[in-house]
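Here are my notes on this model. Please read them with the coordinates open.

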Amino acid sequence: MDPTFVQNLHNLLVQSTSNDTVQLKAATAQLNREYYKNPVCIAALASIIASSPEQAVRQLAAVELRKRIAQNSGDLWLQLAADQREEIKGKLPELVLSETNNLVRHSTARVIAAIAYIEMPLGTWAQLLPFLEQTCMSPQAAHRDVGIYILYTVLENIVDGFESHLQSFFKLFATLLNDPESSEVRITTVRALGVVAQYIDSDDKADIKSFQDLLPGMIQVIGQSVESGNETGARQLFDVLETLLILEVPLLGQHIPQLAQFLLTCGANRNYDPELRVLALNALNWTVQYKKSKVQSHNLAPAILEGLLPITTEEEPEDIDDDAPSRSALRIIDCLATSLPPTQVFPALRQLIQQYFSSSDAAHRRGAMLSLGVSVEGCSEYMTPLMSQVWPVVEAGLQDQDGTVRKASCVAVSCLCEWLEEECAAKHSFLVPTMMQLVNDPITQRSACTALDALLEIMHDVIEQYLGLIMERLVGLLDTAPIPVKSVVIGAIGSAAHASKEKFLPFFAPTMDRFKHFLVLTGEGEEQELRGITMDAVGTFAEAVGKDVFAPYFADMMQQAFNGIELGSARLRECSFLFFGVMSRVFGDDFAPYLPNVVPSLIQSCKQAEHGEEERLTISNPEVAANFASGLSPANAIAVTDELRVDIDDDELDMDKLLDVNSTICIEKEIAADTIGTIFLATRRHFLPFVEQCTIELVGLLPHYYDGIRKSATDSLLEIVRTFYDLSEPQEWTPGFSNIVPLDQRVKELITHIIPPLLEMYESEDNKKVVSGLCVGLAETTSKLGPAFLEGRLEHFANIAIQVLEQKAICQQDPDQDEEEDAPEDSAEYDSILIASAGDLVASLATALGGDFASGFEKFFPLVSKYYKKNRSLSDRSSAIGCLSEIIGGMKSAITPWTEPLMELFYRALSDDEHEVQCNAAFASGLLIEHSDVDLSPQYLHLLTALRPLFVVAPDAPAAKLNARDNAVGAVGRMLVKNTAALPLDQVLPVFFDALPLRNDYLENRPVFRAIFHLFKTQPAVLAPYLDKLLHVFAFVLDPTGADMVGDEIRGELIGLIGVLNREEPAKVQAAGLTPFVPGQ
């Protein structure tokens, strides 16, 4: 090797370490041009590592050597003469051991790993493993450190081919985990085990057992790092733990209780560094999320909650983006509530909340209120009957003498309003005045505005009595409040408009005038956020006041939305896209001229990259990276590399900024994808020129790592199919495969481009919300397109429903659940949403296939009916009966063979404790009587007895109870039509007519009026005593100022009946105000 080449290379490396930018650039350019393309540079760099007296040069030489070896799959390395390669392979291990600087040692170790990546698969470096094992057992701690670090880096690069060595590695690691001198040895050993874990197969029982035996030692090493305040080591070890948590191989299973306790103890210890406590708590969060079957089977939630509540009392940082142990603890409570059955979470939590809220320490009361707030999302259904005991705590919190408790109580109210609408709206007489008072309190102002925003959105008609006061108070704050509060105030004004609808008209023009200057703000951060929220509110105004009133503002507001897109803010683009969606709904055809500008902006958003420095960086799992700092999901294997395999440590990179940009752009793309479907539905034919390109872009988003984007793309693609079908002027279809009405050829082609990628996505989809959206979307599309949509796809769609109902879909899998175990019947409330969506899909198949679904029902009946059990959640029970009723409506008389078991099930459901279940059971039993060929008249009296309690309803009863009565009335109507003679009319008709008119479920007017028409035709005399009552019912349902309650067919027949009655009883018809409806009048 030419000594001059080595010396010149050395000089250029020295120059590269200079602080002089000009010198650095010149050296870099010369190195790339004259040295780094020549294989000789590899031997020269190795020589420099061995001989340079300067540590910075040795370090740089090691980094550059690894790059040269790794680039182009080792091409430059293999160009080097074989004897030189052997010399380097022999020299490097000695260099590592003799190197005194830790950084250089580690960089040189990575050179060895890069060479091993090329040489070991070729079988040309047999000496490496014996050297490493010998070094790991050296009496010198520094040598052990080097040995395990090289082994770790080699394993990171290549594990294939090492399977036969795993057992010997496990023995070695068992010794190194207990290294008496070096924490670095212990830490690196855990990191090496984290790499090995990723290559253990579920069938490798011996390897799993050996790994599990080492887990207590691994946990001990994590604890040592936290206790000693070794933040770097602790972060590395928590990364390993996160990797173990998300692996499909059940390595942690039996140790979950001990792991949870260890993490809780670390997170709760106030003597530890707060950042390390956050890491421990985030890991506990992932434990709950990814190992929930073990957390559930061991009933760990009560103990975890008991450990978390003290942490929630700790101080919170002012900045909403800053993390702290208290915030991490609240995240875990949220995760427990959404991941586990509420029966395991809320009883224990409620007891702790009562205990902490009765404390004289304001921090305890604040922690209790925040804990209540975060638990609502996952426990809302379970909490509903308990709210009479929860409200006193909330009311006391809102009036607490301590401002931080009042503020936390406002947060709890915001959560309650989102998930328990009816219960919160019913408390308006307390909540509205209280919130208006707290809005004036500087401590609670922002939180109170947020709570008021959530409350106003759900108040509907009740808002009218408060609207003037609310608007006066909120508009006044626009002059005085700081920008963050103004943003929340404007959101609340938007919610007031949403709830009050046309009653907002008097406030519309003055408010728009006040908003004008917010819509032109351009400053980054708070100003742009305020501008975006104002745009959202303006869209809500348009929907509230309607097209004609908003029309004068339309063009100007569209221009402001386009201007927002140009400002380069993902948040403003998101707001503009939402605004476009609203405007397309409000203006329909009149929105069409904007499509040539709107649609390209949506497509551009879908195409954009999610993070900067694309050429240089790739993140192996950006979803994981996006959630890294928040503790929302594991930060496993955040491998940031370029084509030269550069470590993240080698680059100056603002990871936090990268992740922030990443997540905001993902949300923007989610909104863009969703808006495409919204606008096509609203503008219809005008959108046709854009359908093909939008479809291509949306299909391209289906494999995206961010679940929100996958869900939006799924929703919009199926919306495109349905809208395109509507525009094809389809013929009406009949159920079943025997007389299929063929789809338009263009619709068929569109479907063949969309459905296969959706089915492919499902095969690996691990997010329940995405699968739920797919099931609902397929159900709606099947119901609209009919059996032609199912040709060649029926089995695929049915299998999706079967897998979900059997709880065997990918998104329902828990690798730590034993294979022979059935999925637990007590499940999280979120799981019930997925089950209900699969029920929607099954019902749509019955609707499209009619009698042809009989063979399918044989499979689905037990799958659906098993969700009606007393220990199942309300949602499960209700959706099971609702699904069966929809199936009966689709199959019609083909349901006959299952009449007896269905009726038996519906009797049980009619006696359910919950009105929602009773409502569905009344509807289902009525449909079964209507459609089954089995004569059920012998059971009429039994059924009437079961239905009778549903007729006893107070006017202010909950909506579910009022709906149950209407469905019971409909069931009796169906019985009357099917077999009038089997009913004791003198007892039935007074109760039946007394329940009229229906005021909630207008669809049940169809069987009700069919029964009335039937009686008028067959037994008019029995109706004579009720004629006055019936005429008033007729007037109620025909009132032109009210909603359509009966539909065109019933209305036509009813008007005909009124004509007949007018000839017989004109005075009574006139007295009921029905004369205008008499034909010919």
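1. Ground rules. This is a predicted model, in which local features need pLDDT of at least 70, side-chain atom pairs count only at pLDDT 80 or more, and totals for chains, interfaces and linings use all residues. Residues are numbered from 1 along each chain as its sequence is written, and side-chain values use heavy atoms, with hydrogens and water left out.

2. Helix pair. Start with α37 (residues 745-764) and α38 (residues 768-785), whose axes come within 11 Å and cross at roughly 150°. Helices here are DSSP runs (H or I, at least four residues), numbered from the N terminus. Axes are lines fitted to C-alpha atoms over the stretch in contact, with angles from 0 to 180 degrees between N-to-C directions. α37 and α38 are therefore roughly antiparallel to each other (the term covers angles over 145 degrees). Their crossing is left-handed (the near helix is turned anticlockwise from the far one by less than a right angle).

3. Their contact. From α37 come Ile751, Ile755, Leu758, Met761 and Tyr762; from α38 come Val770, Val771, Leu774, Leu778 and Leu785. Contact means heavy atoms within 4.5 Å. By class, this contact has ten nonpolar, no polar and no charged residues. Nonpolar means Ala, Val, Leu, Ile, Met, Phe, Trp, Tyr, Cys and Pro; charged means Asp, Glu, Lys and Arg; the others, Gly among them, are polar.

4. The whole structure holds four cavities of 30 Å³ or more. A cavity is a set of points on a 1 Å grid over the protein atoms alone where a 1.4 Å probe fits but cannot get out; lining residues have an atom within 4 Å of a point. Volume is the space filled by probe spheres set on the points. The largest cavity has about 80 Å³. Phe346, Arg350, Ile353, Gln354, Leu372, Gln389, Val390 and Val393 line it. α19 (342-357) and α21 (387-398) each supply at least two lining residues, and α19 gives the largest share, four. The lining has five nonpolar, two polar and one charged residues.

5. Second largest pocket. About 1,300 Å³ of space lies here. Of its 41 lining residues, Glu381, Thr384, Leu874, Glu914 and Glu916 are the closest to the centre. A pocket is an open set with protein on both sides within 12 Å along at least five of seven lines. Among the helices that each supply at least two lining residues are α19, α20 (362-383) and α43 (874-891). The largest share, five residues, comes from α41. By class, the lining has 14 nonpolar, twelve polar and 15 charged residues.

Methods:
Parallel < 35°, antiparallel > 145°, perpendicular 65-115°, else oblique.
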